[in-house]
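Please read it alongside the sequence and coordinates.

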Amino acid sequence: MGTNAIRAFRRLEGLFCVYKPAGVAWKLVRHDIETKLLKGLDALPSPPLPVQTRFLAPPGGDTSTPKRLSAVSVPVLSKHLLVTGPEFRHIRVGVGHRLDTFSSGVMVLAVGNGNKVLNDLYNTKVTRDYTLEGEFGTATDDFSHTGRVVERSTYDHITQDKLERVLAMLQGANQKALLTYTNVDMQSQEAYEMAAQGALGPDGKSPPILTGLRCIRFQPPNFTLEVQCLNETQKYLRKVVHEIGLELRSTAVCKGVRRTRDGAFTLQDALIRRQWTPADVTRAVRQYHAAKKKRPSHRSETGIAKDTHTSTEKNIQAKTTS
């Protein structure tokens, strides 16, 4: 059966996600969660101490005459919490696709046996969604608004139509890269079926690939992009904003990187700081397992945007008919 702490720990084993705030290192987030889970488990009531029967002589009396021993039940003090210490001294919390200090958003974690599933997450072709906040008119040495300014430029000539054309050009180039790194014959039926299911992706490691890119807000000098990508880093995404500024004959810096989805995990699933408790983590793990059972087995978890799937299918069909 186990103690209350052991039973509670078994309910914690699995995957869940949290919201990492900007300006906080991912290691500090993991340490904070490990600390809160340990405190929560150790605060659970301990089982009653076991008792043992001992034969003791009654206190006092004449020492010259033999004493009659009596059976007495006494607690086993060697099993007391003050002697043995807390039941859990360490909990291994694994981190999935990490976020750098500058970025915020969804970060997937695992407890116990869930770390094995977390390793499998790296071997699946899952995409991640980001929201990028950009600002025209400035260039810095690290492509972020906190870096050292190296150039300033005008941006009055930039329109939303021009921005959309640059985004379409970048997405087209990344579509070609996606097909290049996919180890599948583009003229085969297998390639067509994989594209229809959204399972088309790079075989093994590849450079970062943008599978979706669009502007969701344009208020010069500020703009907001929505990105779906594979094998990315947050530094690469900030560089994308910088390159968009150069393509528009201007400059741009990234003011914020926010991950909104990592595979099957979204912002709605993410636990905020006050929810990093055993009860809330247990609930999140239970919801993940329930959603996984309901998810069709043939459905891909790549999360590539629907318009990306459509354009990829058209490319394959064009190659097949040519």
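## Helix H7 and its surroundings

Helix H7 comprises 14 residues, 234–247, and spans 20 Å from its first C-alpha to its last, close to the 20 Å expected at 1.5 Å a residue. The model is a predicted one. The structure holds 11 salt bridges, whereas the count of disulfides is zero.

- The buried residues of H7 are Gln234, Leu237, Arg238, Val240, Val241, His242, Ile244 and Gly245.
- The cover over these buried residues includes strands S6 (128–136), S7 (138–140), S9 (209–219), S10 (222–230) and S11 (252–262), as well as helix H5 (160–180).
- Following H7 is Arg249, which has a positive phi near 60°.

**Salt bridges**

- Asp100 pairs with Arg238 in a salt bridge whose closest N and O atoms are 3.0 Å apart. Because Asp100 lies in the loop between strand S4 (93–95) and strand S5 (104–111) while Arg238 belongs to helix H7, the pair ties together parts that are 138 residues apart in sequence.
- Asp100 is partly exposed at 22% relative accessibility, and Arg238 is buried at 9%.
- Glu133 forms a salt bridge with Arg217, with 3.2 Å between the closest N and O atoms. Glu133 is in strand S6 and Arg217 in strand S9, so this pair ties together parts 84 residues apart in sequence.
- Glu133 counts as partly exposed at 29% relative accessibility; Arg217 also counts as partly exposed, at 29%.
- Glu226 and Arg214 form a salt bridge, their closest N and O atoms being 2.9 Å apart. Glu226 is placed in strand S10 and Arg214 in strand S9, so the parts tied together are 12 residues apart in sequence.
- Glu226 is partly exposed at 22% relative accessibility, and Arg214 is partly exposed at 43%.

- Thr138 is located in strand S7 and is buried, at 14% relative accessibility.
- Beyond residues up to four places away in sequence, Thr138 touches Val149, Glu151, Arg152, Thr251, Ala252 and Val253.
- Val149 lies in strand S8 (residues 149–152) and is partly exposed, with a relative accessible area of 38%.
- With the exclusion of residues up to four places away in sequence, Val149 touches Thr138, Ala139 and Thr140. The C-alpha atoms of Val149 and Ala139 are 5.8 Å apart, although the two residues are separated by 10 residues in sequence.

**Cysteines**

- Cys17 is buried at 1% relative accessibility.
- Cys215 is buried, with a relative accessible area of 9%.

Technical notes: Residues numbered from 1 in each chain as written. Predicted model: local features only at pLDDT ≥ 70, side-chain atom pairs only at ≥ 80, totals over all residues. Heavy atoms only, no water. Helix = DSSP H or I, 4+ residues; strand = E, 2+ residues; numbered from the N terminus. Buried < 20%, exposed > 50% of the residue type's maximum accessible area, 1.4 Å probe, protein only. Contact = heavy atoms within 4.5 Å. Disulfide = S-S within 2.5 Å. Expected span 1.5 Å × (residues − 1). Salt bridge = Lys/Arg side-chain N within 4 Å of Asp/Glu carboxyl O.
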